[in-house]
Amino acid sequence: MFPARLALLGAASLIVLSPLAPPALAQATAPSPAIAGPALPVALPPLPQVQDAPWPGVVRLQVNATDLNRRIFDVTETIPVERSGPLVLFFPEWLPGNHGPVGPIAQLAGLEITANGQRVEWVRDTLHPFAFHLDVPQGATEITARFQHLSPTTASQGRVTMTAEMLNIQWEKMLLYPAGRWSRNITVQPSVTLPDGWRFGTALEPESASGAATTFKPVNLEVLVDSPMFAGVHYRQIDLDPNGRSPVRANIVADKPESLEATDEQIDILRNLITQADRLYGARHFDHYDFLIAMTDKLGGIGLEHHRSSENSVDPEFFTGWATHFGDRDLLAHEYNHSWDGKWRRPADQLVPNLNTPLQNSLLWVYEGQTQYFGQVLAARSGLTSKQQALDSLAMTAATFDTRVGRQWRAMQDTTNDPIISQRQPKGWLSWQRDEDYYSEGQLIWLDVDTLIRERSGGRKSLDDFARAFFGVEDGDYTPAPYTFEDVVRTLNGVVAHDWADFLRTRLDGHGPGAPLDGLTRGGYRLVYAETPSDWQKTLYGEYKRNDFTYSLGVQTGEGNVIRSVQWNSPAFQAGLAIGMEIVAVNGQAASAEAISAAITAAKDPNTAVELILKDADRYRTVRIDYHDGLRYPRLERIAGAPDRLGDILTPRRR
């Protein structure tokens, strides 16, 4: 370490003093005084060490969720205490499934704590601002905290969790808990009061109900945080595993009642998802599972995994616009897969004592990357997507990462730190900065693994065998089972012997150019480019209102011809284009997606360029782009004579 104070001293900081050095010089290089403590009304004791011991009694957590107009959740929480004296309460900071320190503490307001009817003052820790210090008065056996959780009222404030038609209760955003214990040591009994006539879905089990208030059975804090609620005035529950080994339900809320109108064929597809997951893993690590599904464009978007449930926000036309709405098609498969991968089998560096202990994300390429792979495989096997749609989607992924120029300086392994570094904030130069690439580049790595197992075993083994050996054991066990990199390698070697450690590290730590596409070619396909988009891409980008010229000019536009992405080092980049600029005209004509396409096609003539008029805030300028290779959209092409291993991967399993 080279402290900033020494750096500012420059060369003088490197002088070695002799015993005869002048006193003034000796004083100048003497250590600086210690940093002063914070100016607070009380001294802050250190945070307590975490003990694996029960917290006494049961925390009672009451949430009133009836203030729909102002989007306010009122919370009353009663916490038993061990003794009088110092107590630290935590607001959850490191949220499971978010992979980073993103607890929305700014949405907590109005905090008042009392004991024996008297106010107890609290002081926030200045180094750990999610910690609140207080002194429990003599004779008190419990304290009561009253506060509000303020749902954002617009998307600019954060994710909206309450609307006039529905709400999403995530308990970790509506509680404080005593520091110094593992989450599993703290028992909580939650209750919620909903608007009259509303119904809800949650993995929690009701204990009693009185009017619009429901009290749930006590659970430990870890299970509570893992058991959110969706509730709404328009609600439908669908049994996805009739007469099955354990209940699996879809609990759907919607902005409008017509969004709930699933066809029998669509319900059968969702039931196929459950069947295909059972055939993949061969075990269940839950006694019941609840999909929480919001069909909305008002509630904030989400896709978040839990052990016995998942939170899924989809387009209001998920059912009613089935043929034209592809954007959420694999979401349910992805989040359901996480019950095995990420929740039951959990990376060892993610299995931390409580919600204020930092997580480490080094194995997210398994947790999320393999889930991205199996999520899309299960979507195809169940019928959520067709085989051709799955191939077209995979072509888009392959092209994205084959041109991810940020691979030159940043290894894929390092992107597992991104949820902590950038906390999912938008980026201006995604292709260069990289993002959470462990999802979809991880998908390509696991395709590589799957096809290599199939090749080396003569088709007798596949990644399905890894899934059953790694996730499909100890049927009925719900206790999280941690794993390490070595466990992954050992299980792969149990399927097919290979130097899997080197295989994986080469792909995780390597650099560009080009993505790991061996899985495609070994699977019987190659990445090619056509002058027209696939039906999948055309429909998907029509839904998103995107126009994609990434692999030609190097730019993507949205509504109003506003630039929404620019590929680093592309022709558009070299011409000075950036996100947020508006393309006003193309070759002297008013801009449109069709005009841009026509200009790119015309520029196949080497004597013709693409000329754009750009609006950049209050400035206008004209740029000329010398690009002559025409329109390019990714496709997968069969390799003649090669085994169609990828086709087999996407085929439904019969047992």
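Mentor: Happy to! Let us start with a working term: two residues are in contact when heavy atoms of theirs lie within 4.5 Å. Among contacts in the protein chain between residues at least 6 apart in sequence, 72% link residues at least 24 apart. Keep in mind throughout that this is a predicted model.

Now the overall setting. The protein chain holds 19 helices and 34 strands. Its C-alpha atoms fill a box of roughly 85 × 85 × 55 Å along the principal axes. For 655 residues, a compact globule would have a radius of gyration near 26 Å, and the 28 Å of the protein chain therefore agrees with that expectation. Of the 655 residues, 54% are buried.

A pair of packed helices is described by two quantities, the angle between the axes and the distance between them. On the helix 13 side, the contact is made by Phe485, Val488, Val489, Leu492 and Asn493. Helix 14 contributes Trp500, Ala501, Leu504, Arg505 and Leu508. Sorted by class, this contact has eight nonpolar residues, one polar and one charged.

For comparison, here are two other places to look. In helix 7 (residues 369-382) you will find Arg381. With a relative accessible area of 3%, below the 20% limit, Arg381 is therefore buried. Setting aside neighbours within four places in sequence, its contacts include Gln276, Leu280, Arg454 and Asp464, as well as the run Ile649, Leu650, Thr651, Pro652 and Arg653.

The other place is an open sheet of three strands, ordered 27-28-29 with antiparallel pairing. Strand 27 (547-549) and strand 29 (563-566) are its edges, each pairing on one side only. Neighbouring strands in this sheet are turned by 15° against each other on average, direction ignored. Strand 28 (residues 555-557) is joined to strand 29 by three bridges, and Val555 stands opposite Val566 of strand 29.

Key
Residues numbered from 1 in each chain as written. Predicted model: local features only at pLDDT ≥ 70, side-chain atom pairs only at ≥ 80, totals over all residues. Heavy atoms only, no water. Pairing = 2+ DSSP bridges. Helix = DSSP H or I, 4+ residues; strand = E, 2+ residues; numbered from the N terminus. Axes fitted to C-alpha atoms, helices over the stretch in contact; angles between N-to-C directions. Nonpolar A, V, L, I, M, F, W, Y, C, P; charged D, E, K, R; others polar. Rg over C-alpha atoms; globule rule 2.2 N^0.38 Å. Buried < 20%, exposed > 50% of the residue type's maximum accessible area, 1.4 Å probe, protein only.
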